[in-house]
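Me: Please take a close look at one part of this model, its contacts, and describe them in a connected way.

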Number of protein chains: 4
Amino acid sequence: MVTTKTELRKQKILDTATKVFAQRGFQEATITEIAKEAKVSEASIYEYFSTKEGLLFSIPARSSRELFEVMAFHLKLIRGAGNKLRAIVYLLMDSYQNHPEFAAVLMLFLKHNKKFLDTSGHHVIKEGVRQITRVIEEGIESGEFRGDLNPYLTRAMVLGTIEHLVTNWVMTGHPDSLIQFVDPLIDSLLAGIEQADATTK
Amino acid sequence: MVTTKTELRKQKILDTATKVFAQRGFQEATITEIAKEAKVSEASIYEYFSTKEGLLFSIPARSSRELFEVMAFHLKLIRGAGNKLRAIVYLLMDSYQNHPEFAAVLMLFLKHNKKFLDTSGHHVIKEGVRQITRVIEEGIESGEFRGDLNPYLTRAMVLGTIEHLVTNWVMTGHPDSLIQFVDPLIDSLLAGIEQADATTK
Amino acid sequence: MVTTKTELRKQKILDTATKVFAQRGFQEATITEIAKEAKVSEASIYEYFSTKEGLLFSIPARSSRELFEVMAFHLKLIRGAGNKLRAIVYLLMDSYQNHPEFAAVLMLFLKHNKKFLDTSGHHVIKEGVRQITRVIEEGIESGEFRGDLNPYLTRAMVLGTIEHLVTNWVMTGHPDSLIQFVDPLIDSLLAGIEQADATTK
Amino acid sequence: MVTTKTELRKQKILDTATKVFAQRGFQEATITEIAKEAKVSEASIYEYFSTKEGLLFSIPARSSRELFEVMAFHLKLIRGAGNKLRAIVYLLMDSYQNHPEFAAVLMLFLKHNKKFLDTSGHHVIKEGVRQITRVIEEGIESGEFRGDLNPYLTRAMVLGTIEHLVTNWVMTGHPDSLIQFVDPLIDSLLAGIEQADATTK
DNA sequence: AATGAATGAGGCTTCATTCAT
DNA sequence: TATGAATGAAGCCTCATTCAT
C-alpha cells in the first residue's frame, strides 16, 4: 500500500467530498466548498477528478474494495450458507455504522443514479454483490436453503432490507444503532429461506 | 370528483413533469422542457407550483392517496394478516408496474430526498405505510405471525425488498414484469415471519 | 367636484398605490399587491392607468393641484414677500406632515425621475413652483429682498432645504414634527446665519 | 496606494457601472451591459460584488472618502467658520461638476434609497457630513454665527440647496456650470436674503 | 365595467470548469 | 504540481401586462 504525497492529497479530497456531500447534498455542495474544507485549490481537485460527478463516483471505489476483500476473507473461514449470510449482513451494517457519511453518499447519491452504473466504482460493488449471490446459490445447492428459492429475489430481500434500514438511518440523522437489527433480521431471513427441516446452523 | 379547467391544467403539468423527470432526471430536466411538452407557458407552471422542487414534491400526493385508499378498501375485505400482506405487496407492485414513470420519480428522486420529508406529499405516504405496520401488528397479536417479530424491521423487509426490486426495474429500463416477484416474495417473507406451527393462510 | 363611482374607484387605487409604494418602494411593490389591498382586480388598475409607472406618475396631480390652489389663495391675502415666503414654507411642510405617504412617494420616487419631467403631474408642480419664484421676484423688485439675489438660486435654497428635511423625515420613519422647522428655517433664510454685526465672513 | 491588477479590475467595473447607471438609470441598466462595456464577463462582476444593488452601493465609497479627506485637509488650513463653509460648498460643487456621472448616481439612485442607509458607503458619507456639522457648531460657539442657530437645520440648508442644484443639473443634462452658484449661494447663506436695513415683516 | 387566468420577455445569478502563471 | 482568477453557459423565476369571459 504505497501512499505517495499525491495519493494522500487525493484521499484527503475524497474524504472531504464525502463529508461535504453527506452534509449538504450533492447538488447543494459546491466545489469551492470542498476545496476550502480540504485546504486545496479548486483547480487541484480537477487535477485528480475530471468532473464534480466524477469525484462523486470515485468515492466508493476504495472503501468498497476494502470491505469486499474483508468479506471474501471472512466467507472463506465460515462454514454454512446461513452463517455466511449472517457474516455478510453483519459486515455491511457494521461498515455503514462506522462510516455514516460514506453510507449517506452511497444510499442517497450513488444508488439510484443511472450514470453511476457505468462506473468502475459501481463495478467494484457489483463484484462484491456477486459474493452474496454465490452464498445464496451455495445454500440452495447444498440443501441448506429451500430448493425453490429465486437467488436474485433472495438477494434483493437481503440488500433491499439493508438499504432501507440504512437509508432511514442516514436520513433521520442516525439516532440509534444499526447493529441491533442484524440478528433479528437474519433470523427472519433465514426462517423464511431455510429448509423447514434444516437442522440449522 | 370536481375537475375544473384549472384542475385539469394542473394535473396535465404534473403528469408531464412526471414523464420528463423520469426520462431525463430531475436536475437535467428543465422547466422550459416541461412547459413545452405540457403546452403551457413556463409562467403558468409557477402559477401552480412555487418552485421546480415544489413541482417535484407535488407529484406523489394524488396517486399515493388513491393507491392507499384502494389499499384500505381491500384490507377491509381480506381476512388474515398473511393474506393482507400479500394484497399489499401485490397492490404496490401492480401500481408501480402500471405507472413506471411515477415509480421512477418516486424511487429515484423522492425517497432519499431529505427535503421531501417535510412535505405534504410525504405525509400521505407515511399515512399509507402505517397501514402496513398495522397489518403486521395485527398478525403478531393474533398469533398468525411470530411473537418475537420487530414490526418496524418486518415492515423494512417488505418495503425494502419492494423498493430494491422496483429501483432495479426502473434503472434498467424495466425489461421484465414486476408482478412475477409477488408470489415468491410473499412466500419467503411469510415463511420467515409466520409461526412455525401455523396452519397457514 | 363630481365624484362618480368610477372616479371613486380610481381615487381608491391611487391612494392604495401611494400607500404601498411608500411602504415597500416602487420597484419592490407589485401590481398584484396594490390590487389586493385596493380590493380591485389587477386588470381594473389597467383600466385606469396605462402602466405601473403611469400609475406612479398619476399620484401627485390631484393633491398638488389642491395644495397649490390653497397656496395661491393664501398668497393673495398676505402682504410682503417675506410673509408670503413664510406662508409657502408653512403650507408645504404642513402638507407633507399630514400626508407622509404622499411625501415619501414624491421625495423618493418622483423627484429624481427623469421620465416624470414630461408628465402632466410634473407640470402641475412646475406651475406651483412658479408661484414661489414670483414671490421672490416681487421681494427683489419691491426692495424687500436684496437686489443682487439670484431668484433661481434663492428658490433652490427654499425648496432644497425643504426637500432635504422632508426626505430625511420620510427615510427615518418620521419620528418628530416637521413643522418645528418652519420658523427657524424662515428666520435663517430671511436673515442669514452670520451675526448682524460680524465684521467679516 | 497599492493598486494590484485585481484592484484595477474592480475599479474599472465601478467606473463603468457609474457611467452606465448614470446614462440609463439603475433599473434600466443591465449587468450584461456593464460587463460588455467594462470588457469583463458578467460572472466577473459577481466575483467582486455580491449583487447588482451591492455594486450600486459600492460606487460612492472610494470617491467619497477621497473627497472628505481633501475636505478635512483644507478645513485645517482655513480660519473662520464662514470661510470654512465656503470651502466646503466649493469642494462639493467642484467635485460634482468634475464627476457628473458620479453626481448623477449619488443624487438619483443613492440618496433616497433606504437600503443604502445600512451600507458602508453611506457610513463614509455620514462621517464626511459630520465635518460640516462641526464647522457650523464652531461658528456658533465662536460667535461668528448667530447663537440661536439650529446646527441640524443649518446643515440641512447647506446640503439641501446643494443637492437641489446638483439634482437639477444632472437631470437637465448639466448645460451650465455649477461653480457659478458657489459665491452667491454662500453669500445668501451667510448674509440672508433680506435687505440689511429692511424694516422686516 | 370588471376580472381571473395566462403568458411573454428577459434579467440576475450560480457554478463547474479552465487557464495563465 | 498547484493555484487564484476569470468566465461560459444556462436556468429559474418574476411580474407587468393582456385577454377571454
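Reply: **From paired chains to paired helices**

In this predicted model, chain A is superposed on chain B by a rotation of 180 degrees with 0.1 Å of shift along its axis, at an RMSD of 0.1 Å (least squares on C-alpha atoms of residues with pLDDT of at least 70 in both copies). The two copies are therefore related as by a two-fold rotation axis. The same surface serves both, since 100% of the contact residues of chain A recur in chain B.

Chains C and D also meet: 49 residues of chain C are in contact (heavy atoms within 4.5 Å) with 49 residues of chain D. The area buried between chain C and chain D (accessible area, 1.4 Å probe, lost on being put together, summed over both) is about 4,600 Å², and carbon and sulfur atoms give 61% of this area. Two salt bridges are counted between chain C and chain D (a side-chain nitrogen of Lys or Arg within 4 Å of a carboxyl oxygen of Asp or Glu). The side chains of C:Glu28 and D:Lys115 form a salt bridge, at 3.1 Å from N to O.

Within chain C, residues of helix 6, namely C:Pro100, C:Ala103, C:Ala104, C:Met107 and C:Leu108, meet residues of helix 8, including C:Trp169 and C:Val170 (helices are DSSP runs, H or I, of at least four residues, numbered from the N terminus). The residues of this contact comprise nine nonpolar, one polar and one charged (Ala, Val, Leu, Ile, Met, Phe, Trp, Tyr, Cys and Pro count as nonpolar; Asp, Glu, Lys and Arg as charged; the others, Gly among them, as polar).

Residues are numbered from 1 along each chain as its sequence is written, and chains are lettered from A and ligands numbered from 1 in the order written. Local features need pLDDT of at least 70, side-chain atom pairs count only at pLDDT 80 or more, and totals for chains, interfaces and linings use all residues, while side-chain values use heavy atoms, leaving out hydrogens and water.

Definitions and conventions
Helix = DSSP H or I, 4+ residues; strand = E, 2+ residues; numbered from the N terminus. Buried area = accessible area lost by both parts, 1.4 Å probe.
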